[in-house]
Amino acid sequence: MEIFGIPTQALFGQLLIGLINGSFYALLSLGLAVIFGLLNIINFTHGAQYMMGAFCAYFLLAWLGVGYWWALAIVPLVVGALGIVIERLMLSRLYKLDHLYGLLLTFGLALIIQGVFRQQYGTSGIPYTMPAELSGGRNLGFMFLPNYRAWVIVASLVVCLATWFVIEKTKLGSYLRAATENPQLVQAFGVNVPRMITLTYGFGVALAAFAGVMAGPIYQVNPLMGADLIIVVFAVVVIGGMGSILGSIITGFALGLIEGLTKVFYPEASNTVIFIIMAIVLMIKPAGLFGTQR
Amino acid sequence: MSAVPGLAGAARANGHAHQRAVFLGMLAFFIVAPFVAYPIFLMKVMCFALFACAFNLLIGYAGLVSFGHAMFLGTAGYASAHAAKVWGFTPELAILFGTACAALLGLVTGLLAIRRQGIYFAMITLALAQMVYFFYLQAPFTGGEDGIQAVPRGKLFGLIDLSSQWAMYALVFAVFSGGFLLIHRAVHSPFGQVLKAIRENESRALSLGYDINRYKLLAYLMSATLAGLAGATKALVFELASLTDVHWTMSGEVVLMVLLGGLGTVFGPVVGALIIVAMENYLAQLGSWVTVTQGVIFVICVLTFRRGVVGELARVIGKPL
């Protein structure tokens, strides 16, 4: 069976890879958007924290024998806690300054973290064994679907939508949105805004770590796994605009799919297609597809 | 970007006499230094110093932080190396061609990037630079991971053989001091004053009738061109153009040089480049610890040392440097 001269197996295979990549784009850009909303900081350390998530899961398995499912719960807490330490010790000193200092600080932190891990583990990846429950796959007739990949797509969709629900539909979320809009006023109403900022940063980092754990079995655990990814995610964020939570989720998945399609039809451009889309979006709608100019 | 410290007085007219003295001191340093230190090292310092000055023009005077400046350094490097090696251009033409290519890239990316400001500007330039990186990674003429090696230095104007270390040093010195003076001239021209006005208060500059996007684009273009000049010269010095110069780590490095030397100061980028290049030279065998050290310097600078070396010095002596 062929579509546009491409065998369907290859087409759907690439689309699946695209969806997987999209899941990670969505999770990471969601974390960036949540952090940016409240802290006005672009978290350059996000890629390093994603990598730390994967390594943390690997350490749990290799040193303590703690498996994938527990890692999925423990790792975001651990890495999120580390993020909170960073926020309290460093980022919180910069809120009164130009936001670019936050970018520079988190860039420096990313260099430190990636450098230390690279010194220790080199640049070749370490494989992380897939949990036994999710190995294997099923034949859907038109393509073969590995169980683990299906799980990644479903899990990240659920986490993204849950985050969207909490922020847009609950009382906690309404505080968060209000603090994004006007922190002084919210503080005057008796909400502890600094603590909210700290926890928000921790949550955004935890999302990155969660993505890292899920990435372990697909890509290998590698000190530089987050370094190039984060730049693509930045482009995703620029395309989607930071205004909307749902927007960053949709943009993430959609761009993953487009990237997958590019791999089928014009593989030479698959590395750059997201950046090209970014350039086009900037020409047509500079604020991003879902964003508002601010 | 009003939060950059110590900028407001950076260009008061009364500061010029001692700035001239410091400038002459800097020239004297680079004239004497090759008798003491390794000339290749000093040429590298001057190339990076010019690169950092070009970057500083953008961040210090236009308030725009580019996280993709490596694309200009690398593009010019590849273009001049290709021109010198494959097309047999003489060195001055190869450098001009490389610089022109960087300027063209600056025009294209600038038109896109200046549509957003602040953090978005940084992210967009980073993403565009990454796109350029992937292009060079795949393009056949760049030699992929190997880069363009054994680039001939050639004969300047067909007369002076640059394979002599001294002739090359003189050329790099001329390029560096010329670029430095050009930036100085631009900053103190009416054009530079308008840039500063835009940086301090964009809406007011707009309401005074300045076409702010055109000024920003011009500043960006000039910064890209001079970064390209540095990259083209560097390719001839090392007889090599490689992917290192287009990678995002290089974009981060130039930010670090300027931050460490002093954002928006006249001599800060040169000092920052000297320190960072020296550090890399001495720590080269330590592998990834170089990256870690750079990260630590970033963190320290941002948290406690935002004026940078030269900015702090200027504060101590009470005069802009």
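## Contact between the two chains

Two residues are in contact if their C-beta atoms, placed from the backbone, lie within 7 Å of each other. In this predicted model, local features need a pLDDT of at least 70 and side-chain atom pairs count only at pLDDT 80 or more, while totals for chains, interfaces and linings use all residues. Residues are numbered from 1 along each chain as its sequence is written, and chains are lettered from A and ligands numbered from 1 in the order in which they are written.

Chain B places 36 residues in contact with 35 residues of chain A. On the side of chain B that touches chain A, at least two residues come from each of α5 (118-138), α10 (248-261) and α12 (289-304), helices here being DSSP runs of H or I with at least four residues, numbered from the N terminus. The largest share of this side, 14 residues, is supplied by α5(B).

## The nonpolar core

The largest nonpolar core contains 204 residues, where such a core is a set of buried Ala, Val, Leu, Ile, Met, Phe, Trp, Tyr and Cys residues joined through C-beta atoms within 7 Å. Helix α2 (residues 39-61) of chain B gives the largest share of this core, 17 residues.

Among the residues with the most contacts inside the core are A:Ala235, A:Met278 and B:Ala127. Not counting residues up to four places away in sequence, B:Ala127 touches A:Ile231, A:Phe234, A:Ala235, A:Val238, A:Phe275 and A:Met278.

## A partly exposed threonine

A:Thr180, found in helix α6 (residues 171-181) of chain A, counts as partly exposed because it has 17 C-beta neighbours inside 10 Å; a residue is buried with 20 or more such neighbours, exposed with 12 or fewer, and partly exposed in between. Leaving aside neighbours within four places in sequence, A:Thr180 is in contact with A:Gly37 and A:Leu38.
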